[in-house]
Amino acid sequence: MPLGSESSLRAPRSEDGPAPWVLVLGATGYIGGRLVPRLLAGGYRVRTLTRSSERIAALPWANEVEVVEGDAADPDAMDRAMDGVDIVYFLVHSMTGGHDYGRLDRTIALNVGENAAAHEVKRIIYLGGLHPDGDKLSSHLASRKEVGDILLASAVPTIILQAGVVIGSGSASFEMIRHLTEVLPYMPAPKWVRNFIQPIAVRDVIYYLLAAARVDDDVNRAFDIGGPDVMRYSEMMNGYALEAGLPRRRITALPVLTPGLASHWVGLVTPVPRRLARPLVESLLHTCVVKDDAINHVIPPPPGGLAGYHDSLRLALGRIEIDQVETSWVDARVSDAPSDPMPSDPEWAGRTVFKDARRKSTTADAEAVWRVISQIGGATGWYSASVLWASRGLIDRLAGGVGLKRGRRTQAKLTVGDAIDVWRVEHIEDGRLLRLRAEMRVPGSAWLELGVNPTENGSEYWQRAVFFPRGLTGRLYWLSMLPFHGLIFSGMVNRIVAVAEGDRVDESSMPDSSRHQPVRPPREH
């Protein structure tokens, strides 16, 4: 991965002039989250526009950027964000925004173009999608192309980097390939598995994005970018099997498997939910390869050349193996999920609210209990009633939700905004409180709090589930779940305390260098 501090990627500046201001739209996304720290390393001054300043505040580079809170579709917010900006990175895509995501992306593109022109921005850089010329494009690729056309037609010089399947730890495309290959030894697949595509490593995408900021101001066009390998999707899957040490997969192309059916199938087999899987599947309906080498005349290939597909897989698998996934698709915003924070207790007065609160004292100290709390979800599981959690996750997937397979970006650390299975981290008080907001499909709004308080003899673990029902359906939903809550929540309390006590005992005989490592999942999981 480029550092951003390389001489060919650093911010251009005169001896007495300040560094350029860069506005990054989509800074908390998969690509944006990797680009921002490298822009900072390259000497750029960075501003972000975000719906949640708290999400930015949880990131390691938060204190180095300027934050404007607002929505990219709001002209007033964009006007504030564009003030004094030299370069704009457009990394916003609304694939999870419902069936009307194309209209939303169009609105944002028009907003960006108009405000960038009004503020005399010098350059817009947009990451679009690789697509063939002349074909009737899928909704997803058509929307990507439309956004690019709008930006090119603006009064601001624009560079569009059109990438195909991006391979990197945490990317949605990589996770689709990974889970389809690992789960299914034999695959009845749509006929698009025979189409040719040209994947590109995420490190090379970041390189092109950084280098585009130094291109001459008169360049205003789209460029195809891709790795050195052109292959069928079925070959990509078996390439993954080879790198992961799995037997070769038998894949049969079926002409009757429509994109809609395929997205349901992908949604059940992989962690990628149907709403995101469908546009990704639709984009594979076309043969998408780089049409020319025009990019090489403007931006030379990265030092050492572009990473091949197998090299990209090895790099991605290596990051997963050491639990160092920098950014992930799982942290993307989920449409229709509640976004308002849980109201404080005094604000509950006069409202219907259901709660399940439990406590348990333990001889384990608060630090040991907190380590167990912070490891919850993902590979660790939920410490109780695994079958019930799995069933609830499956029901959510069938209803079009995210389900339990989404997991978490890394098991080692939690930050505000991270996804954990069907939950989103809303608030953390390190060593004391973890608040999760439900993103599963429920008739109301739900939160789960897990916390620990120190006591004279150890600590007290506590947890609280809070549900604000929506109408009669919400009330009936809570009542129907009460028998399962008794099993799930009581089991969680007992098991978390038991694991914490075991962790405390095990650590007493460890050398200092071995302490504070991630808690291992309980055996029953």
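Biologist: How do α5 and α10 sit to each other, parallel or perpendicular?
Modeller: Roughly perpendicular to each other, a label that covers 65 to 115 degrees, while under 35 degrees is roughly parallel, over 145 roughly antiparallel and the rest oblique. This is a predicted model, where local features need pLDDT of at least 70 and side-chain atom pairs pLDDT 80 or more, though totals for chains, interfaces and linings use all residues. Residues count from 1 along each chain as its sequence is written, and side-chain values use heavy atoms, with hydrogens and water left out.

Biologist: What's the actual angle for α5 and α10?
Modeller: About 85 degrees, with the axes of α5 (residues 139-152) and α10 (residues 274-283) 7 Å apart. Axes are lines fitted to C-alpha atoms, for helices over the stretch in contact, and angles run from 0 to 180 degrees between N-to-C directions. Helices (H or I, at least four residues) and strands (E, at least two) are DSSP runs, numbered from the N terminus.

Biologist: Which residues make the contact?
Modeller: On α5 they are S139, H140 and L141, and on α10 P279, E282 and S283. Contact means heavy atoms within 4.5 Å.

Biologist: Switching topic: how many aromatic pairs are there?
Modeller: Nine. Rings of Phe, Tyr and Trp (its six-membered ring) pair if their centres lie within 6.5 Å; planes under 30 degrees apart are stacked, over 60 edge-to-face, the rest tilted. One of the pairs is F90 with Y126, with centres 5.2 Å apart and planes at 85 degrees, so edge-to-face.

Biologist: Where do F90 and Y126 lie?
Modeller: F90 is in strand β4 (residues 87-90) and Y126 in strand β5 (residues 123-129), so the pair ties together parts 36 residues apart in sequence.

Biologist: Are F90 and Y126 buried or exposed?
Modeller: Both are buried. That means under 20% relative accessible area, with exposed over 50% and partly exposed in between (1.4 Å probe, protein chains only).

Biologist: What about W447 and F468?
Modeller: Their ring centres are 5.7 Å apart and the planes at 90 degrees, so that pair is edge-to-face. W447 is buried at 4% relative accessible area, and F468 is buried at 6%.

Biologist: Where is R424 found?
Modeller: In strand β16 (residues 423-429). R424 is buried, at 5% relative accessible area, and its side chain reaches the backbone oxygen of G417 at 2.9 Å.

Biologist: And T363, buried or partly exposed?
Modeller: Partly exposed, at 48%. T363 sits in the loop between β14 (354-362) and α12 (366-374).

Key:
Polar contact = N/O pair within 3.5 Å; in protein donor to acceptor, adjacent residues only side chain to side chain.
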